[in-house]
Amino acid sequence: MRKFGLVFWFHFKESITGKKALISGLVLFVISLGFFGATHWFSQQEGEQYLMAVVQDSGAFVVDLNTLNSVSPDIGFEALGLEEARQSLESGEVDTVFVIEGEEIPTLKTLSERGSHSTAEFIVTQELSHQYLARVMEQEDISPELLQSLLSPVAVTHETFENMEEFFLNFAISWVVGMALYMVVATSGTMIGTSVMNEKASRVMEVMISKVRPTTIMYAKILSNLASVMVTSLMLYVGYLAASVLGWADMEQLAFFGGAVDFASVDPMIWVLAVAYFILGYLVYGMFFAMAGALCTKVEDYQSVAAPITISLMIPFFAMMWGLTDGIFGSIATYIPLFSPFITFSRFADGTAGYTEVGITLVLLLISILLIGKLATKIYTGGVMHYSEKASFKDIRKLLKG
Amino acid sequence: MLSIQQLSKQFESQMAVNQLSFEVGKGQVFGLLGRNGAGKSTTIKMILGLVKPSGGEITWNGVPIEQANVRIGYLPEERGLYTKSKVGDMLTYFGKLEGMGTKEVGTAIDYWLNRLEIPEYKTKLVADLSKGNQQKIQLIATLLHDPELVILDEPFSGLDPVNSQVFAIIIEEEIAKGKTVIMSSHRMDMVEAFVEEVTLLKQGNAMVSGSLQAIKDSYQTRNLILGASAPVTEHFKQQGIDFSIDKQNVLVKVADDSVGLNVLNGLAKAGIRVPEFKLLQPTLEEIFIERVG
């Protein structure tokens, strides 16, 4: 355990103080600060008033500007002549020109650069409808009660078998966990592979294996990369803190597909499985990337060897993102160790997979990690006698034989 | 004591090491020599536990060798260093992996950097050092934890004559401390200065094995070297004696000491004055070339 700690700490320190980590941390900080800054700026822009022009060309229907202006503080209306309104539109002073016409029935014509302002249009049409209804009531002698009865909308009530709020919440958490796993594996997978490859190419592995068991080196290296990525990701939080100091941060601006998410109300079991699938998923991919590194001594060879692993990462990720976790694909993918951290967890979160599937896939993941770890270690160790650029299947067989 | 008995390693149809046996005691130096692919590195990697033997056994003080029961210092043929790390950080890491404490490893690093006259490199990146200085760092990594068994694979590779001499002195010091040393090198002249026991490997087989002195003694051939000032070449041609001119000397290979003396007598009878001559045993390199080719 002492040696594991030493190897872990050495690689963690090396990667966290490396240029790559420092640049990544800076980029994440800028992204975080930039996001809150931009959100803050746009929210301030939203406070500005959009100006509309109203051209009253109807003698029968005349809207009251005070009434229109009292509806929304973001939208202002002013009465203009048609020509003046056109000029204001062309100069950009007004967003939309509303021309009110018609003597028996009111009609509304809009002039705009790219389409009328929908909210303003709604306000004007509502006002015209009220005026028209009042006129008809007066002409036809319709009582207000009768009119209210005639205009009563059809009552609609929505009932669903699932608690949609909970469904949305679980979808959000599986999306967040899947995205985090994908990002972390995509980022650190290459780091793990190239680190193993460099150790082999530089022959430092010969020195290391005579001091530490290769399995210890592998696990310590993979977990130190995870820790390094996690620490680098903390720069997102530092960006948030900086935005808070500047008064830009407003967590209410954060929304998931337009809806607010209260992660505090998530079932604790979902959190436990999220952590379990994240760690096991990371380890299984990490081992595969380490094995790819152990097979090569050149970056270009590593890229071609690691490509199938990257594809295996993308398939379940995009399947989860696009909601393709049902049907035959979902049923099969549930039990594939490389896919289950995305698919099974997502299915458990949305209620289409139960504890049986979860139990089986967690056991399969553990077995896979131990098995792939053993193969990767054997290939890594066998590499001390194999320094050709890229191992063929024949070489791999030799390496596994020892 | 390191004992290797009937050690073999087979890679599919190729026998990399075949029934190799030797022993190296405390304070002794063993030379493992041979051309590329002779089986030297495979033997070393089996001692280090990097490669599993197909047969035979390797013991240290009577028990099978493993990381836990012997401190090994290994200097690989090619540099095995973390090039993106600072020298001090990397040496600390290696020392701690060998069980050293923080203070102990710090003291040892400072000692060795000063001993090799490179204390200023402690905070430098390994990649920024020259090949020769990287080799010095590699030697420090090998000896830092005061190993009992020192394995040196081509220790003089990449070193200039001055640094080769520095390395040679340090290796002599380690031998004097009672370390068990295995040395593999192509530099026969350097190896010859240290080794007592030697094995010459060819295609995995020990062609010559035993005490270096005994091996030399067993070779009847002697080198009769005559100074350049001796006008001997015409006489040798007339007498049909084979000779060669090596640098500024005339070299005659003779079967044994008495034959050499006969050649000198012949010169004296012919009235040729020989101001200086040497009658030497063959060098390790000559034995190597003859037996291993």
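These are my notebook entries on a predicted two-chain model, chains A and B.

**Ground rules**

I number residues from 1 along each chain as its sequence is written, and chains are lettered from A in the order in which they are written. The model is predicted, so local features need pLDDT of at least 70 and side-chain atom pairs count only at pLDDT 80 or more, while totals for chains, interfaces and linings use all residues; side-chain values use heavy atoms, with hydrogens and water left out.

**Entry 1: chain A overall**

I looked up the secondary structure of chain A and found 15 helices and 4 strands. Helices (H or I, at least four residues) and strands (E, at least two) are DSSP runs, numbered from the N terminus. Chain A has 402 residues, and 43% of them count as buried. Buried means under 20% relative accessible area, exposed over 50%, partly exposed in between (1.4 Å probe, protein chains only). I then took the contacts in chain A with a separation of 6 or more: 74% of them come from residues 24 or more positions apart. Contact means heavy atoms within 4.5 Å.

**Entry 2: the A–B interface**

I find 29 residues of chain A in contact with 30 residues of chain B. The two chains bury about 2,500 Å² between them, 57% of it on carbon and sulfur atoms. Buried area here is the accessible area (1.4 Å probe) lost on putting two parts together, summed over both. I count 3 salt bridges between the chains. A salt bridge is a side-chain nitrogen of Lys or Arg within 4 Å of a carboxyl oxygen of Asp or Glu.

Which elements of chain A supply at least two residues each to the side that touches chain B? They are helix 1 (2-16), helix 7 (164-201), helix 8 (204-209) and helix 15 (393-401). Helix 1 gives the most, with 8 residues.

One salt bridge pairs Lys45(B) with Glu206(A) at 3.3 Å, N to O. Another pairs Lys211(A) with Glu98(B), the closest N and O atoms being 2.9 Å apart. Lys211(A) sits in the loop between helix 8 and helix 9 (214-245) of chain A, and Glu98(B) in the loop between helix 2 (87-97) and helix 3 of chain B, so this pair joins two chains. Lys211(A) is buried, at 5% relative accessible area.

**Entry 3: salt bridges in chain B**

Over all chains, I find 10 salt bridges. Arg115(B) and Glu173(B) form one, with the closest N and O atoms 2.5 Å apart. Arg115(B) is in helix 3 and Glu173(B) in helix 5 (residues 161-176) of chain B, so the pair ties together parts 58 residues apart in sequence. Arg115(B) is partly exposed at 24% relative accessibility, and Glu173(B) is partly exposed at 28%.

Lys177(B) and Glu174(B) also meet in a salt bridge (3.0 Å, N to O). Is Glu174(B) buried or exposed? Glu174(B) counts as buried, at 3% relative accessibility. Shared partners join Asp146(B), Glu174(B), Lys177(B) and Lys179(B) into one salt-bridge network.

**Entry 4: positive phi**

Most residues other than glycine have a negative phi. Asp146(B) has a positive phi near 55°. Asp146(B) lies in the loop between helix 4 and strand 7 (149-153) of chain B and is partly exposed, at 40%. Glu117(B) also has a positive phi, of about 60°. Glu117(B) lies in the loop between helix 3 (102-115) and helix 4 (131-143) of chain B and counts as exposed at 65% relative accessibility.
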